[in-house]
Structures are given as C-alpha cells and as structure tokens.
Amino acid sequence: GGSLTKLAYYSTVQHKVARVRSFDHSGKDIENEPLYEISVQEEITARLHFIKFENTYIETCLDFIKDHLVNTETKVIKATGGGAYKFKDLIEKKLGLKVDKEDVMTCLIKGCNFVLRNIPHEVFAYQKDSDTEFRFQTNHPNIFPYLLVNIGSGVSIVKVETEDKFEWIGGSSIGGGTFWGLGALLTKTKKFDELLQLASKGQHTNVDMLVKDVYGGAYQTLGLSGNLIASSFGKSTTADKEFSKEDMAKSLLHMISNDIGQLACLYAKLHNLDKIYFGGFFIRGHPVTMRTITYSINFFSKGEVQALFLRHEGYLGAIGAFLKGAEQDNPNQYSWGENYAGSSGLMSTSPDIYPMQRTRSGTFDMLEMDRLERPLVNLPLLKDPSTYIPDTVDLTDDAMARKYWLTCFEEALDGVAKRAAASQPDSVDALERAEKFRQKYWNKLQTLRQQPFAYGTLTVRSLLDTREHCLNEFNFPDPYSKVKQKENGIALKCFQSVIESLDSLGWEERQFALVKGLLAGNVFDWGAKAVSDVLESEPQFGFEEAKSKLQERPWLEDSYSQWLERLKEGPPHKCALIFADNSGIDIILGVFPFVRELLSRGTEVILACNSGPALNDVTYSESLIVTERIAAMDPVIQSALREEKLLLVQTGSSSPCLDLSRLDQGLAALVRERQTDLVIIEGMGRAIHTNYYAALKCESLKLAVIKNSWLADRLGGKIFSVIFKYEVPCK
C-alpha cells in the first residue's frame, strides 16, 4: 500500500491434543481400572498469519520473509497494491523471486468475502458518543450482495454479487488524496495522520456557512436544520480573519466525507443495496473519518442505510492476493476461526485511551486464523439465522457486567494455571508454560479492560474462548482430562441403581425425577467457582447432595407444567437433538436417563458433544466410550444404538458456550435428515450465557442451574436457582 505493507502467509502449527481410547478389557478385572486411557499426541493444524507494518521497515520485512518463509520450491511471491509496482525490483532482488502482481480490486473483494465469511464479529458501525465506539454486527449467513466503497486517493464504488462476480459501478476523483493534497496546501502539513489529528481538534462551523447563517435558523419549508452545512468554506469569502489550520482541516474533512457519503447512498439506492462497507487508507480505523462518513450516510439515506466498517479492513488486499496464490488448495473450502491468543485486536485510536498506540499507524498489528477440521454451518432449525445472536449479554455495552466478569476471570486465573500445571505432572516445563499462559491471558484481560471491542463484541463466551486459545497455545490441550476420566468412572458405577430407582416410580413422578436429575447433573461444573470450591473440599459431594442444593419449585424460570402437559397430551417427538454439557454425573446420571425415557417414548435422539475439550465438558470421543459402557448395562440404549435411533455426533466446537450459527456440517445434515422437532440445550454456558433468547423453528427446552451468585442476582434469583424454559414456536 501507500504507507503500510501487509504480509499474509500460511504455516503449519504443531499442537498437543488430548486423545482418549478405550482399554481392551477382555478377561480382566476392570473394577479398579480407569475407564479409558488418555494420551497426548501431536497434531498439525494449518494457520494463516497476517502482519502489518510501515513501509519504512520494508527491508526488515523482506529479511523476515527471506529467513523464515522462502524455501527452495518458492519461485513466485504474490503482490498487490501500489507497492507491488513501487517495490517490485527491491523485492525481486532481495528475495530472488519473481513478483506476480495481482489485480488490486479482485484481491480486495476476495479478501473482503473471506473475512465476512469467517470472522463472526468482523463488521461494525461507528458511534462516537456511545460508551463504546464500535457496534458489532451479526454476520448474515448470505453475505451478498453488498457495496464496497474503497476510499484511497480517489473513490471506487464496487457492487459485489457473488464470490467471483463484481462490477465497478462508479467512483469519484475526490477522495483521500484530495483531502491530503488540499489539506497540505491549506495547512502546510504533509503527513496524512497529522492532518487528521488537526481535523479532530477543529471546529468546522468557524469556516463553513450553515443553513442558519443564511436563513437565521432552520429552513422549515425544506425541513433543513439550522446546523446543516449550506456551503463548505462559505465563511472564507466574507471574513477578513485568518482561519486556524484545525478548523480548515475539519471543514475539508466534512466536505469530502459528505460528498462520498451522498455518492455511496445514491449508488446503493440505484442498485437496491442496503449494505455498504467502507475501506481504504482514508478510513484505516480513524475515528474522525468513520464519524463523518457515518453521519453523512445516515443523513442522506434518512437512516435507512448504515455505514459499515471492517475490523481487518487493512488486510483485505493481502488476504485476497494470498487466496489467489493458494487456489489449488482452496482455503474457501474450509472454515477458519480467529486465534485470539495470537491476534492483537482492534485498537481504539482515541489518544486518551492509548497514548502509546497513536504512534503506531493503523488499527491492527497481527491477525491469526486457524483452519478448523470441519466446515461449520447454521443449525437448520434457527428461526431466522440473519437475526440470531448467540450471546445473552453484550459486555461491550454493559459496563457493570463487564467489570464483574473481567474481575471474575482475573480471580480465577491462578487456579486455572495451577490446574493446567497439575494436569501434566510428568512434564519438566509444565510450571513454566503455565506461568506463560497466566501472563498471556492476564495481558489479554487488561487489553479488554481498556479496549472491550478488541475482538468484536465482548461476551462471557469470548472470554472463555480466549482462555482456551491461550491454554492451547502453551500446550495444555485438556487440563481437566484426569478429572473427567475419574468422574466418568464413578458415575458409571451408579448408573444402574439410578435407572432402577427411576423405573420404580409412576409415570408422572418419573418425569419430574428425570428433570431433577438432569438439573442436579448440571451442578457438576468445574468452570463455576462456587461448585469447584465444593468439589475440591468435599470429595464425597455426589448426585443426591446436588439434588438437595437445587431451588424448590416454582423455579426462577419455570415452564415445567407446560412440558409435562406436552408429554401427556401430544404425540412423541420424532427426533430430539440434545446438546450435552459436563462429563461425569451430568451426562451419565442426568442426560442418559432422560435420553432413555425419550427413546422409550419412540423418539429418536441425536446426542451432540463438543469436538474438542473445554473445562470439564464432555467431548465427542469421551461420549463414545461412555455410551458403549452404558449400552453394555442397559438394553434400551443398546438396541437404540444398534438400530441407529440413538446417534452420537460432534458439534464442531471446543467452547463451553454454544454458537448455533457455527456447527458441524454433519450435525446439520443429520438434523435435517431425521426431521428433528425438539432441541434440548443444557448448562449455564450453552443455555444462559448463550441461546437464552435463541428462537427456533421447533420446540425447545433450555435448562440450567445458575452457579454464579452475581448472575443469579442479576436474573432475580439466588445461587442454584433453576432455569427450565420450554418454548413452542408461534405458528
């Protein structure tokens, strides 16, 4: 680019992963044996890296490429942007590679499509006067069509209809270069960032003629407010005084932004588009330009169109050029996820927040994207995927909640680091790695205190996911693996007696006992401090003790009577999809008896568990072993497995929460194929922190025990209050 170079490269990363494998128990006394063996193996995953730095350091960048990224097979380096011409000879000479120049606009759009598809909180609207400047948007499942307004030296307006179909529909020679050029002539300031700095301090009304200067107030007939600009620089024709550099820069900024805003609105109306993304060096995360563009779009569209910006706007061209070079191994056929541990996050450029950051150009320093093993898609049962928001509370918005949860995660950090180190007693460097993890996550939390919008909307889910990413970064793939192994073993020994006691009850009594068992199982959550403290200090705390902790009915959210009525009066459900939560007592003594009852009613069951570990949540591979053991004890489960009426699947997630818009493709296909008409979501992370308000096309049960006193208080209850939410969609 003109002032910044963006580098995109692919690498493979070696990660440790926890694997579980069933023991061969043939002819052995298995009474005192662990349930399965846990091994830690190396796995290679693909990662995309994007780094940004100033052109003054181009030589250092080329040294980095030469030392780390060029091998004997590399013959060509893909490049795009003005610098692809300017630095072509230097790159070829220094690296000994041929520079293959790619079309700027094609790369820009390829890059834009990639981030819109793979980063859930990529898009934001800018609101200067709200508590948080950045309002993140939920990605629509269908990203097309949209308008891309690229404000570089001039303005290009491009209509994007599909992955490969786009057209330049208009533009203007009055763009960022005009602001820079005229600004330099007016203020004698040659640097773009300094010009913006002047504009941010200026008062345009000293230079611009307003409607009220012409008409003495608002122009009522045309509905124009008195504070509207009637003529940019209008006062300079009559005034004898000198105008300040700051005021002239501000007036110039408004003039050019308003012009671009009106142009963009007219093209959007002409082509019937309601999504306009702005990019280019004129924007580059600067609050003052985002604010003026936002105002202009809002004014000219009468609030019907929103100006949208992209978190990784500066990288689009580099990402696109990279994708062009990688077409034989098409990155678009995979799903990718942002690695919070390695990405630096969006910086606010407000000087008062981060005085040091102002000296660094651009809003973003580094982005890492990890390739996910399987493609992720929407749950087909979402009522409206375009309005689905997984998270219940937006911590970017809610300052009180933000303060509480950041402190909560800070206070839990020492315990998490200790457990991580203890989970690898045979490793000589486990303590050192645990300390590095602690430091890294602590630093992330401090960044989020200052810049809650760094990775998009801040939520309890993003805090949990960032912690998991940091644990993985320092090779702690599953700190709770031994705890889960032990708890699964203990719970299996109690399974038969729990089933016998349930079978001895009358139908109605049994339904309540099953729900109570499901809720009691949900108490066993090592992620909740109130519970982990009890589990650490009282090893004998078990299923019956958990039942006694539960709130008596009526529960905090209680539609149990409607659920019971539905079971009594309605036909059996065709197929139930259950998202399971914790290992041990939760899945074995809570979920499985419930599954067994559904199967006995003639309902097929899809049991969905996490693909990878998070806290003490049950993973898909653990669920296979547990189910095999239960089937050996229970003929109902055994025949359901044999007849494929009970199916075990993975969610595609490694999070303690649940995003129903990013689920494993195989799970979505099965949901369709089996005509699922009931979804059961259990646990605080999946049913309260996320999906509390999720609207589905079919019946749903959301149930959890609140194991956090602050959250219980927020919801109007006490610790161990019960949420039992049965929802039927409006016809």
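This is a predicted model: local features need pLDDT of at least 70, side-chain atom pairs count only at pLDDT 80 or more; totals for chains, interfaces and linings use all residues.
Residues are numbered from 1 along each chain as its sequence is written, and side-chain values use heavy atoms, with hydrogens and water left out. Local features need pLDDT of at least 70 and side-chain atom pairs count only at pLDDT 80 or more, whereas totals for chains, interfaces and linings use all residues.

Helices (H or I, at least four residues) and strands (E, at least two) are DSSP runs numbered from the N terminus, and two strands pair if DSSP finds at least two bridges between them. Seven strands form an open sheet in the order E6-E5-E13-E12-E7-E8-E9, and their pairing is mixed. Strands E6 (134-136) and E9 (166-172) stand at the edges with a single partner strand each, so one side of each has no neighbour in the sheet. On average, neighbouring strands of this sheet are turned by 35 degrees against each other, direction ignored; axes are lines fitted to C-alpha atoms, for helices over the stretch in contact, and angles run from 0 to 180 degrees between N-to-C directions.

Within the sheet, strand E12 (residues 275-279) pairs with strand E13 (residues 306-310) in the parallel sense, over four bridges. Lys275 stands opposite Gln306 in E13. Helix H9 (residues 287-300) lies across E5 (123-126), E6, E7 (146-151), E12 and E13, and runs at about 150 degrees to E13; contact here means heavy atoms within 4.5 Å.

Side chains of opposite charge can pair when their charged atoms come close. A salt bridge is taken as a side-chain nitrogen of Lys or Arg within 4 Å of a carboxyl oxygen of Asp or Glu, and by this rule the count is 42. Burial is given by relative accessible area (buried under 20%, exposed over 50%, partly exposed in between; 1.4 Å probe, protein chains only).

Lys547 is partly exposed at 21%, while Glu544 is exposed at 51%. Arg553 and Asp558 also meet in a salt bridge, at 2.9 Å from N to O; Arg553 is partly exposed at 36%, as is Asp558 at 25%.

A further salt bridge joins Glu604 to Arg674, with the closest N and O atoms 3.2 Å apart. Glu604 lies in strand E19 (residues 604-609) and Arg674 in the loop between helix H22 (665-673) and strand E22 (678-682), so the pair ties together parts 70 residues apart in sequence. Arg674 is buried, at 15%. Salt bridges also link Arg47, Glu368, Asp370 and Glu473 in a network.
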